[in-house]
Structure formats: C-alpha cells, structure tokens
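Here is a short note for a colleague opening this structure for the first time. Please read the points with the model on screen.

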Amino acid sequence: QVQMVESGGGLVQPGGSLRLSCAASGSILRINTMGWYRQAPGLERELVATITSGGWANYVDSVKGRFTISIDNAKNTVYLQMNSLKPEDTAVYLCNADLMLGRWSQRDYWGKGTLVTVSS
C-alpha cells in the first residue's frame with residue numbers, strides 16, 4: 001500500500017544544482033530511515049546519503065560538503081539538495097525508505113529512480 005514518488009532529476013551543467021524529492025505515502029506508522037542510492041553504468045550501486053527520522057545523516061565521502069539530505073516527517077518526504085554537481089554524479093538516483101507500517105511490520109521500499117545527468 002506504500003507509494004514512493006520521486007521528483008527533481010534532470011539535466012544540469014557541471015557546477016549546477018538539483019534538488020531531489022521523495023515522498024512516501026500510504027499506511028505508514030513511522031519512518032525509520034530514508035535515503036538515496038545511485039547507480040551509474042559500469043559501476044555498482046552505492047549509498048549516497050541516508051537520514052533517520054530524528055535527523056541523523058550519513059553521506060558517502062564523495063558528496064560530503066556538496067550534498068545535503070533532509071527529512072520532513074510530517075510529509076513523509078526526504079530531500080537531497082545537490083550542489084556543485086560533477087559529471088561523476090551522473091546516475092540513476094533511487095529513493096529508499098525503511099518504514100514501520102504497524103507495530104510489528106517493518107518494510108523496505110524503493111522508488112523507481114530518477115535520472116540525474118551532469119554534462120556540459
């Protein structure tokens with residue numbers, strides 16, 4: 001019953017910025033963790049950033065200082081502000097949510113992915 005809606009991907013020049021959004025909807029009791037992963041052709045999927053409902057964030061080293069993850073618990077929405085984008089950031093970005101659907105029901109959900117292309 002959970003729906004994951006991603007937005008914000010697109011084409012941007014090196015040095016530019018994008019803001020990704022991912023909203024989880026449905027019968028959600030609470031968020032444990034939400035985050036973003038990415039996968040580029042020829043590379044393995046990697047964790048970009050995660051954040052707990054309490055606001056504790058974790059980033060891959062390559063995006064520290066450039067990307068900022070945030071969460072709005074009231075809207076069940078996670079954001080990824082991406083600044084100073086590099087061509088190496090080009091990838092399909094996938095939203096992930098670790099959710100409690102009930103007192104004893106923990107589930108992991110994925111969005112369909114949004115393409116970020118950094119190119120001049």
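1. Salt bridges come first. The structure holds four of them. A salt bridge here is a side-chain nitrogen of Lys or Arg within 4 Å of a carboxyl oxygen of Asp or Glu.

2. A word on the source. This is a predicted model, where local features need pLDDT of at least 70, side-chain atom pairs count only at pLDDT 80 or more, and totals for chains, interfaces and linings use all residues. Residues are numbered from 1 along each chain as its sequence is written, and side-chain values use heavy atoms, with hydrogens and water left out.

3. Take Arg66 and Asp89. They form a salt bridge, with the closest N and O atoms 2.8 Å apart. The pair links distant parts of the chain: Arg66 sits in the loop between β6 (57-59) and β7, Asp89 in the loop between β8 and β9, 23 residues apart. Strands are DSSP runs (E, at least two residues) and helices are too (H or I, at least four), numbered from the N terminus. Both Arg66 and Asp89 are buried. Buried means under 20% relative accessible area, exposed over 50%, and partly exposed in between (1.4 Å probe, protein chains only).

4. Arg38 and Glu46 form another salt bridge, with 2.7 Å between the closest N and O atoms. Salt bridges with shared partners join Arg38, Glu46, Arg66 and Asp89 into one network.

5. Look again at Asp89. Its relative accessible area is 2%. A polar contact of 3.0 Å joins the side chains of Asp89 and Arg38. Such a contact is a pair of N or O atoms within 3.5 Å; within protein, one must be able to donate a hydrogen and the other to accept it, and residues adjacent in sequence count only if both atoms are side-chain atoms. Leaving out residues up to four places away in sequence, Asp89 touches Arg38, Arg66, Phe67, Ser84, Val116 and Val118. Contact means heavy atoms within 4.5 Å.

6. Lys64 pairs with Asp61 in a salt bridge, the closest N and O atoms being 3.0 Å apart. Asp61 is exposed, with a relative accessible area of 61%.

7. How many disulfides does a search of the whole structure find? The search finds one. It joins Cys22 to Cys95, S to S 2.1 Å; the cut-off is a pair of cysteine sulfur atoms within 2.5 Å. Cys22 lies in strand β3 and Cys95 in strand β9, so the pair ties together parts 73 residues apart in sequence. The torsion about the S-S bond is about -90°, so the disulfide is left-handed. Cys22 is buried at 0% relative accessibility, and Cys95 is buried at 0%.

8. Finish with the nonpolar core. The term covers buried Ala, Val, Leu, Ile, Met, Phe, Trp, Tyr and Cys residues joined through side-chain atoms within 4.5 Å. The largest core has 30 residues, of which Met34, Trp36, Leu80, Met82 and Tyr93 touch the most other members. Elements giving two or more residues include β3 (18-25), β4 (30-39) and β9 (91-102). The largest share, five residues, comes from β9. Not counting residues up to four places away in sequence, Met34 touches residues including Cys22, Cys95, Ile51, Ile69 and Val78.
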